[in-house]
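Please walk me through this protein model. I would like a short report on how its parts are held together.

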Amino acid sequence: LFSWMVKHQLRLLRRSIEDMNHGIYDLTGNYEEIATGLSQYLSVLSKGDEYLTVSLPSFWHPGRNLGINGRFLTMNKLICQRGATIRRVFLITPEERQNDPHLPKIVQAHLNVMNEIRAGGGQTGEWRIEAGGYYTGFKLIDKNKRDVFLREGKHFGLWSRQGKVIMIFPIYNEEDTVVSIKFRAALDRSKIKHLREFFIALLAESEPLEQYLGTS
């Protein structure tokens, strides 16, 4: 039985390695498996690396997704303290602002992380990527417009380590639960260039997260 189990695990590993050689990896599973895997992979980023991401409130919902104060947010803080640059933009609809009971706690959790980084001497007030540090902005956006962004694959992350970039796309089911994280290394560099330019434009027009609670 153990021999069969080992062969099965080796087949799965061989399949994953083959996919990675083609620039493809899918992290699939339940909440624990996705939160643990994503945090472990993010942990390789350090000084000089970047994490740029367009985020949705539902990505941080507790119980079914990454959680309000979970290990993934903690890992964001840790890699920034090691010298990685993090930029995040929340796309928030008016409906979520009015009806999502988790949203104020999510915002506060991210503000708490930036406060800790700032208290340790890190930069949190400048949105430009070259300034380094950790910056989070938000943009209030019409739901229909955001849905267009999502259909276009604009809910994404870009992880850059030593100049090599991987694209990350969360996949949700009909209940807004994250069921998979797709990692893709683009053979066509123009796609990464397009996503990065889109992100920088979005970042430039976003407002600092500190201002969220004061918006009407």
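Which residues are linked with Asp 26 in a network of salt bridges? Lys 182 and Arg 184 are linked with Asp 26 in that network. A salt bridge here is a side-chain nitrogen of Lys or Arg within 4 Å of a carboxyl oxygen of Asp or Glu.

First, the ground rules. This is a predicted model, in which local features need pLDDT of at least 70 and side-chain atom pairs count only at pLDDT 80 or more, while totals for chains, interfaces and linings use all residues. Residues are numbered from 1 along each chain as its sequence is written, and side-chain values use heavy atoms, with hydrogens and water left out.

## Salt bridges

Side chains of opposite charge can pair when their charged atoms come close. The structure holds 13 salt bridges. The table gives some of them.

| Salt bridge | N to O distance |
|---|---|
| Lys 77 and Glu 116 | 2.8 Å |
| Glu 126 and Arg 128 | 3.0 Å |
| Glu 197 and Lys 193 | 2.6 Å |

Take the pair of Lys 77 and Glu 116. Lys 77 lies in helix α3 and Glu 116 in helix α5 (residues 103-119), so the pair ties together parts that are 39 residues apart in sequence. Helices (H or I, at least four residues) and strands (E, at least two) are DSSP runs, numbered from the N terminus. Lys 77 is buried at 17% relative accessibility, and Glu 116 is partly exposed at 40%. Buried means under 20% relative accessible area, exposed means over 50%, and partly exposed is in between (1.4 Å probe, protein chains only).

Glu 126 and Arg 128 are both partly exposed, Glu 126 at 28% and Arg 128 at 39%. Glu 197 and Lys 193 share helix α7 (residues 189-205). They sit four residues apart, about one turn of the helix. Glu 197 is partly exposed, at 44%.

## The sheet

Eight strands form an open sheet. Their order is β1-β7-β6-β5-β2-β3-β4-β8, and the pairing is mixed. Two strands pair if DSSP finds at least two bridges between them. β1 (24-28) and β8 (207-208) stand at the edges, each with a single partner strand, so one side of each has no neighbour in the sheet.

β1 pairs with strand β7 (residues 178-184) in the antiparallel sense, over five bridges. Here Thr 28 stands opposite Ser 180 in β7.

Now look at strand β5 (residues 157-161). Four of its five residues are buried. Four bridges join β5 to β2, and these two strands run antiparallel. Thr 53 stands opposite Gly 157 in β5. β5 also pairs with strand β6 (residues 164-172), again antiparallel, over five bridges. Leu 158 has Met 167 in β6 as its bridge partner. The hairpin of β5 and β6 has two residues between the strands, and Gln 162 takes a positive phi near 50° there.

## Aromatic rings

Rings of Phe, Tyr and Trp (its six-membered ring) pair if their centres lie within 6.5 Å. Planes under 30 degrees apart count as stacked, over 60 as edge-to-face and the rest as tilted. The count comes to 12 aromatic pairs.

Tyr 51 and Phe 72 form an edge-to-face pair, 6.3 Å centre to centre with 70° between the planes. Tyr 51 lies in strand β2 (residues 50-55) and Phe 72 in helix α3 (residues 71-81), so this pair ties together parts 21 residues apart in sequence. Tyr 51 is buried at 5%, and Phe 72 is buried at 1%.

Phe 72 also pairs edge-to-face with Phe 59, at 6.2 Å and 75°. Phe 59 lies in the loop between β2 and α3, so the pair with Phe 72 in helix α3 ties together parts 13 residues apart in sequence. Phe 59 is buried too, at 7%.

Ring pairs build a cluster here. It links Tyr 25, Tyr 41, Tyr 51, Phe 59, Trp 60, Phe 72, Trp 159 and Phe 183.

## Charges over rings

A charge sits over a ring if NZ of Lys or CZ of Arg is within 6 Å of the ring centre and within 35 degrees of the ring normal. The charged end of Arg 97 sits over the ring of Tyr 212, 4.5 Å from its centre. The charged end of Lys 154 sits over the ring of Phe 198, at 4.3 Å from the centre.
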